[in-house]
Amino acid sequence: MAESRVNSWMDSARRVGADLHLDLSESSGPGGRRAALTRTLRDAVRSGRLAPGTRLPPYRSLAADLGVARNTVADAYAELVAEGWLTARQGSGTRVAERAEPLRRAERVPRKAPPRARGPRHDLRQGTPDASAFPRAAWLASCRRALQQAPNEVFGPGDPAGRIELREALTEYLARARGVRTEPDRIVICSGFAHALRLLFGQDRSGGGGVLRGPLAVEAYGLGFHRELLAAAGVRTVPLPLDEDGARVDRLARERAVLLTPAHQFPTGGPLHPERRAAVIDWARARGGVILEDDYDGEFRYDRKPVGAVQGLDPERVIFIGSVSKSLSPALRLGWMVLPERYVGDVLAAKGEREAWVSVLDQLSLADFIVSGAYDRHVRRMRQRYRSRRDRLVAALAEHAPHVEVTGVAAGLHAVLRLPPGTERSTVKAATWQGVALDGLAEFRHPDATEEETPARDGIVVGCATPSEHAYGAALEALCGVLPPAEEPTPGG
């Protein structure tokens, strides 16, 4: 398909006579401008840069481009026609002769395509939505409307805050769906959560010192990529213990900021208890601190209505960060920060004078997608699909591995399976051998977390959303085949 599009473009260029770049200063040899032009054109045909059948520009156009007389071009064309390099017919213009074969270099070795890496047969890694479910038709309709209605200034340098159309749409949507209290002027568009961290802690293109400083308290289990990003910015992270009620915010000490996933803790799966939500707000007020709220798959709660954002409790103490990477696709690279007023100017300064990360047309398309109601419809549809996926996982385990427990609340795009003690590493290894891609729970544990405060537990993190619908059944069957057997009862126990 891509090759046919390229060939179509080349055919079109040959018909109409595309712009022709020639540098006469690079031509060496005797004679004046006409001789230099003749040599340059001949070399371009001989080397294959001008392919057979290519239509050359009219005399007047090329003469104007090169700053030479029209007769100079006409004489050069005529000489090359006489030599057989070009052809000239009435009504067809001047073209490269079809028999003009480019020089073949004997020493040139054909490049071999790199070997394609073989992926897993069953992909159950966390963090990715079902790519086959992307709403192509609805997104295309939003793209068309956005492009048709876009004012001319859209095609100039982008505002680093993001398009006002998207910020207004997000203000309404986040208030309605997530309980966020904000205004368009407090929203800054970014390319996702990692980009937000770079802006806040000084690892963006601006090279500045960062809006926030460490140390930063983080949950004892979380994405190692985020910890590595923060470490590269010189930010020390301090693990907060976790239990069944979420992060132990009562252990916050001298930190000035804390990063939480309160709607659905990643990866262990529980929400932050209401009392701890209130407690962390009290801590931020007393310490002059700030809470970074990662709204990780916050829209996907299956057993009850999604939990509202902590930001709604105190918009001046919480930086709310979200994206469409779980709800639509990580390929869109669209996210947002809802900021306390005091941070807006510093974040915009860190981002720079122009939008360098997020396509303005994608921003307008997402704004239309939200305003038209297509985003709500898509989220509801995917909520039903992912709930069904999780239910099928629970049913498969009940039938084939009843000793393996699914932990956490019914929410999100992944589930944590509790394994018998000492079996996590062997289970991940067995899965790899059988072509099943998944993550061990230990990979997400903070290296400084202590056994006393957050006991390590064996488990695997299973992405329920990653496989396509038709592949999910086979993936579950393969998963059940690599799970460890139940522990044998102790004799006399």
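L259 is found in strand β9, where strands (E, at least two residues) and helices (H or I, at least four residues) are DSSP runs numbered from the N terminus. The model is a predicted one, in which local features need pLDDT of at least 70 and side-chain atom pairs count only at pLDDT 80 or more, whereas totals for chains, interfaces and linings use all residues. Residues are numbered from 1 along each chain as its sequence is written, and side-chain values use heavy atoms, with hydrogens and water left out.

With a relative accessibility of 11%, L259 counts as buried, a class that means under 20% relative accessible area, against over 50% for exposed and the range in between for partly exposed (1.4 Å probe, protein chains only). Once its neighbours within four places in sequence are set aside, L259 is in contact with F193, L216, A217, V218, E219, L292 and D294, contact being heavy atoms within 4.5 Å. L259 and V290 are separated by 31 residues in sequence, while their C-alpha atoms lie 8.9 Å apart in space.

Strand β9 belongs to an open sheet of 7 strands, ordered β4-β12-β11-β10-β9-β5-β6, with mixed pairing; two strands pair if DSSP finds at least two bridges between them. The edges are taken by β4 (187-190) and β6 (237-240), each of which has a single partner strand, so one side of each is left without a neighbour in the sheet. From one strand to the next, the twist averages 20 degrees. Strand β4 runs antiparallel to β12 (residues 335-338), and 4 bridges join the two; V188 has M337 in β12 as its bridge partner.

Helix α9 (residues 274-287) packs on this sheet and touches β9 (257-260), β10 (290-294) and β11 (318-323), its direction making about 140 degrees with that of β10. Such angles run from 0 to 180 degrees between N-to-C directions, the axes being lines fitted to C-alpha atoms, for helices over the stretch in contact. Helix α10 (residues 341-351) lies across β4, β10, β11 and β12, and runs at about 25 degrees to β4.

The charged side chains come next. A search of the whole structure finds 28 salt bridges, each defined as a side-chain nitrogen of Lys or Arg within 4 Å of a carboxyl oxygen of Asp or Glu. One of them brings together the side chains of R385 and D130, at 3.2 Å from N to O. This pair links distant parts of the chain, since R385 sits in helix α12 (residues 374-400) and D130 in the loop between β3 (122-123) and α5, 255 residues apart. R385 is partly exposed, with a relative accessible area of 26%, whereas D130 is buried at 2%. D130 also forms a salt bridge with R389, the closest N and O atoms being 3.1 Å apart; R389 is likewise in helix α12, 259 residues from D130, and counts as buried at 0% relative accessibility. D130, R385, R389, R392 and E469 are linked in a network of salt bridges.

At the surface, L147, F155 and L361 form a nonpolar patch with about 290 Å² of accessible area together. Patches are made of residues with over 30% relative accessible area and no salt bridge, like charges being joined within 9 Å and nonpolar side chains (Val, Leu, Ile, Met, Phe, Trp, Tyr) within 5 Å; the areas come from the Shrake-Rupley method with a 1.4 Å probe, and for residues only the protein chains shown count as cover. F155 lies in the loop between α5 (136-149) and α6 (164-178), and is exposed, with a relative accessible area of 53%.
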